[in-house]
Amino acid sequence: MAPPPRSRLSPSPSLLWLLLSLALLGARAEPAAAAGSAVPAQSRPCVDCHAFEFMQRALQDLRKTAYSLDARTETLLLQAERRALCACWPAAR
């Protein structure tokens, strides 16, 4: 008796083995690449110190910007109030 005809959608066993072996090789290669990118413990404090200084400067810049915006907002509010008050008074003739 002849084997049943294979449909076009079912992959061959050799193709399945090839895909499985490629997937396993790829999974093994990832940890080796990740292990080489680890930062040594001796240099971490220096990196953390630089990051802290950078964040500290960024926070100071944000405070200056917030103060500047606050002062500008206050100035604009005072100008708007003065215009509103001046608009209420009748013009002197």
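Predicted model: local features only at pLDDT ≥ 70, side-chain atom pairs only at ≥ 80, totals over all residues.
**A helical chain and its surface**

Let me begin with Thr75, which has its place in helix 2, the helix that spans residues 44-88. Thr75 is partly exposed, with a relative accessible area of 35%, and a polar atom of the Thr75 side chain lies 2.9 Å from the backbone oxygen of Ala71.

Stepping back to the whole protein chain, we find 2 helices and 0 strands. Of the 93 residues in the protein chain, 1% count as buried, and the accessible surface comes to about 9,100 Å², with 67% of that surface belonging to carbon and sulfur atoms.

Now please turn to the other helix that I want to discuss. Helix 1 covers residues 13-36, and Leu25 is found there. Is Leu25 buried or exposed? Its relative accessible area is 53%, and because the cut-off for exposed is over 50%, Leu25 counts as exposed. Leu25 also takes part in a nonpolar surface patch of about 470 Å², which it makes together with Leu15, Leu18, Leu19 and Leu22.

Finally, a word on cysteines, of which I will mention Cys49 and Cys86. Cys49 has a relative accessibility of 37% and counts as partly exposed, whereas Cys86, at 52%, counts as exposed. How many disulfides are there in this model? The count comes to 0, where a disulfide would call for a pair of cysteine sulfur atoms within 2.5 Å.

How values were computed:
Residues numbered from 1 in each chain as written. Heavy atoms only, no water. Patch = residues over 30% accessible without salt bridge, like charges linked within 9 Å, V, L, I, M, F, W, Y side chains within 5 Å. Areas by Shrake-Rupley, 256 points an atom, 1.4 Å probe, with all protein chains shown as cover. Salt bridge = Lys/Arg side-chain N within 4 Å of Asp/Glu carboxyl O. Helix = DSSP H or I, 4+ residues; strand = E, 2+ residues; numbered from the N terminus. Buried < 20%, exposed > 50% of the residue type's maximum accessible area, 1.4 Å probe, protein only. Polar contact = N/O pair within 3.5 Å; in protein donor to acceptor, adjacent residues only side chain to side chain.
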